[in-house]
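Look at the structure first, then read on.

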Amino acid sequence: QVQLVESGGGLVQAGGSLRLSCAASGRTFSTSRMGWFRQAPGKEREFVAAFIWSGGSAYYADFVKGRFTISRDKAKNMVYLQLRSLKPEDTAVYYCAADSDRSGPWDYWGQGTQVTVSS
C-alpha cells in the first residue's frame, strides 16, 4: 500500500499561483509513476501531470500549456505541482496519485486538496 496526503490548496485570485504538495508513504519503492489529477464540480476527474518515478520527463495535459510544473523530491518522497497563471476554470479538487505500473488505472489516490480561483 502507498498512502498519499495532499496539501497546499486554497483560495487565490485569477492570475495567482499555488504550490500543491503530496507526501507519499508506505511501499513507495513499488511506485512506477506519480501524478496529479483534478475534478471540478459536476465534471469527471481529469489528468493534469505525471512522471515516471525512476526518472524521465514529465508529461502534461494539453490544457496546462506551460502554466503548471510537476516536480519531486525523491529523497523525501514528495511530489509537487506548481500552479501559475491560475484561471477560474482551474477551480477543482486536486488529487495526487501513484501507480505501480506505467499504464492503465492508477492504484493509489490521496484525499484531495481544494483549489478555488476567484475572478
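Both Cys22 and Cys96 are buried, where buried means under 20% relative accessible area, exposed over 50% and partly exposed in between (1.4 Å probe, protein chains only). The model is predicted: local features need pLDDT of at least 70, side-chain atom pairs count only at pLDDT 80 or more, and totals for chains, interfaces and linings use all residues. Residues are numbered from 1 along each chain as its sequence is written, and side-chain values use heavy atoms, without hydrogens and water.

Cys22 and Cys96 form a disulfide (a pair of cysteine sulfur atoms within 2.5 Å). Their sulfur atoms are 2.1 Å apart. The structure holds one disulfide. The S-S torsion of Cys22 and Cys96 is about -80 degrees, so this disulfide is left-handed.

Ala92 is buried, because its relative accessibility is 1%. Its contacts (heavy atoms within 4.5 Å), leaving aside neighbours within four places in sequence, include Arg38, Gln39 and Thr113.

Rings of Phe, Tyr and Trp (its six-membered ring) pair if their centres lie within 6.5 Å; planes under 30 degrees apart count as stacked, over 60 as edge-to-face and the rest as tilted. The count is five aromatic pairs. Phe51 and Trp53 are stacked, 5.9 Å centre to centre with 20 degrees between the planes. Ring pairs also link Phe37, Phe47, Tyr59, Trp106 and Trp109 into a cluster.

Two arginines sit over rings (CZ of Arg, or NZ of Lys, within 6 Å of the ring centre and within 35 degrees of the ring normal):

| Charge | Ring | Distance to ring centre |
|---|---|---|
| Arg19 | Tyr80 | 4.1 Å |
| Arg45 | Tyr95 | 4.9 Å |
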